[in-house]
Amino acid sequence: MRTIVILLICLLGIATGCKKIMPEAPEENELLDGPVDGLSSQEKIQFLKGDVAFNDEVFTSQTGLGPLFVANSCGTCHAGDGKGHPFTSLTRFGQTDSSGNQYLHVGAPQLQNRAIPGYTPETLPAGVGFSKILPPANTGLGYLDAVSDADILALADPNDLNGDGISGVPNWIHPPAYCQERANTVSHNGKYIARFGKKGAAYDLLQQTANAYNQDMGVSSSFEHYDTYSHLDMDPEVSNETVNNVVFYLKALKAPYRRNADDADVRSGEQLFMTAGCDKCHTPELKTGASSIAALSNKTFYPYTDMLLHDMGSGLDDNYTEGSAKTYEWKTPPLWGLGLSKASQGGSYFLLHDGRAHSIEEAILMHGGEGFVSKNYYQSLPATEKEKVIKFLESL
Ligand SMILES: [Ca+2]
Ligand SMILES: [Ca+2]
Ligand SMILES: [Ca+2]
């Protein structure tokens, strides 16, 4: 019915208005959510089930939401699987060093600022420092998941032996018992390499997902069943099947496609990106090992991350530790999809962990610590050359 009305309006000759009424469907290469090519029909079905659970399943107090929570569906914070907005941030507090969290009795580490009727939401205790983080894009996660520990370690240089001022390190954690060991996983003193989240503190997508249900929505599962309000273990409110479908969905989300890769300015921008040493952390090319999803096995892909933690200087210190990550350390974020992120963030950029950078250039200029030299190189470029770097980044 609506379509007919719109068509009629168009026929009446108000042609200029029609574009506004009927937004053009985005081009395939501008969409972030969709599966990788080459899934089996079985896998496509699981992807769709995970898609529904992730985007459409809105929890209520009847289906397990809360009592304390931050949002009622994954899709609220991860709309279209793109980067999130300051309205969809998470707040964590009370963990300033490796001695642990001194504020567990008042709701740390994560703030649940909403509650179902009859319950009181958490508030930040007076005087405590807190860290606010924005959701990253969820695209291409299956590729990052399938990189071998050995490949990640090959990029690490903890003692900066090559003397370039850059010393990426993995985040070493004790994964929860329900996580399955990766093939050929590498372990040091009982700790394993974690790789998801902005400080890279989640071992795999199951841990990330089970935690999100539990901490972000107050929904318990057989994996994570501790209730943040009662401090009791709860019966599952979401099935293992649903959790596994969501994990599969995340793994099978395609990687963003490049746009304008052959443009002359984009190509010189790419050269400048290398000369500035951006690629020392934003590693252009990685490869997957064997994956249980055939479409992801032994593939070369272009995420622009080394999945390692770097000292980014005091300006980006959030006074919060996770796993072995220090307060000033962040995992290099993938840059793929950067040029598309504006659309998912409501038309403006909110970059870096807390969205403080409102343009790509601002994000670059806020690089300190191990990124300082690289940032200075960018800053010293003439305006026309800077523009090329930005054009390149927008093409990712
Ligand atoms: Ca619950
Ligand atoms: Ca809490
Ligand atoms: Ca180095």
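Two residues are in contact here if their C-beta atoms, placed from the backbone, lie within 7 Å. The views below show a predicted model.

**Figure 1. Helix α9 packs against helix α13.** Helix α9 covers residues 264-275, and helix α13 covers residues 383-394. From α9, the residues Asp265, Val266, Ser268, Gly269, Glu270, Leu272 and Phe273 take part. They meet Glu385, Lys388, Val389, Lys391 and Phe392 of α13. By class, this contact has 5 nonpolar, 2 polar and 5 charged residues. The two axes are 7 Å apart, at an angle of about 100°. Angles of 65 to 115 degrees count as roughly perpendicular, so α9 is roughly perpendicular to α13.

Figure 2. Helix α7 spans residues 205-217 and helix α8 spans residues 240-252. Their axes come within 9 Å and cross at roughly 125°. The crossing is right-handed. On the α7 side, Leu205, Leu206, Thr209, Ala210 and Tyr213 make the contact. Their partners in α8 are Val243, Val246, Val247, Leu250 and Lys251. The contact of α7 with α8 has 8 nonpolar residues, 1 polar and 1 charged.

**Figure 3. His231 sits in the loop between α7 and α8.** Its phi is positive, about 60°, although His231 is not a glycine. Within 10 Å there are 9 other C-beta atoms. A residue with 12 or fewer counts as exposed, so His231 is exposed.

**Figure 4. Asn184 also has a positive phi.** The value for Asn184 is near 50°, in a residue other than glycine. Asn184 lies in the loop between β5 and β6. Strand β5 covers 171-173, and strand β6 covers 187-188. Asn184 is exposed, with 10 other C-beta atoms within 10 Å.

**Figure 5. Lys44 is an exposed residue of helix α3.** Helix α3 runs over residues 41-55. Lys44 has 12 other C-beta atoms within 10 Å. Leaving aside residues up to four places away in sequence, Lys44 touches Pro35 and Leu39. Ala252 is 208 residues from Lys44 in sequence. In space, the C-alpha atoms of Lys44 and Ala252 are 9.0 Å apart.

Figure 6. Pro67 lies in the loop between α3 and β1. Strand β1 covers 68-69.

**Figure 7. Ala108 and Pro109 are joined by a cis peptide bond.** Here omega is about 5°. Pro109 is found in the loop between β2 and β3. Strand β2 covers 90-93, and strand β3 covers 114-115.

**Figure 8. The chain that holds these details has 13 helices and 11 strands.** Its C-alpha trace spans about 65 × 60 × 45 Å along the principal axes. The radius of gyration is 22 Å. A compact globule with 396 residues would have a value near 21 Å, so the chain agrees with it. Buried residues make up 44% of the 396 residues. Among contacts with a separation of 6 or more, 66% come from residues 24 or more positions apart.

Note on methods:
Residues are numbered from 1 along each chain as its sequence is written. Chains are lettered from A and ligands numbered from 1 in the order in which they are written. This is a predicted model: local features need pLDDT of at least 70, side-chain atom pairs count only at pLDDT 80 or more; totals for chains, interfaces and linings use all residues. Axes are lines fitted to C-alpha atoms, for helices over the stretch in contact, and angles run from 0 to 180 degrees between N-to-C directions. Helices (H or I, at least four residues) and strands (E, at least two) are DSSP runs, numbered from the N terminus. A crossing is left-handed if the near helix is turned anticlockwise from the far one by less than a right angle, and right-handed if clockwise. Ala, Val, Leu, Ile, Met, Phe, Trp, Tyr, Cys and Pro count as nonpolar, Asp, Glu, Lys and Arg as charged, and the others, Gly among them, as polar. The radius of gyration is taken over C-alpha atoms; the globule rule is 2.2 Å times the number of residues to the power 0.38. A residue is buried if 20 or more other C-beta atoms lie within 10 Å of its own, exposed if 12 or fewer, and partly exposed in between; C-beta atoms are placed from the backbone. Angles under 35 degrees count as roughly parallel, over 145 as roughly antiparallel, 65 to 115 as roughly perpendicular and the rest as oblique.
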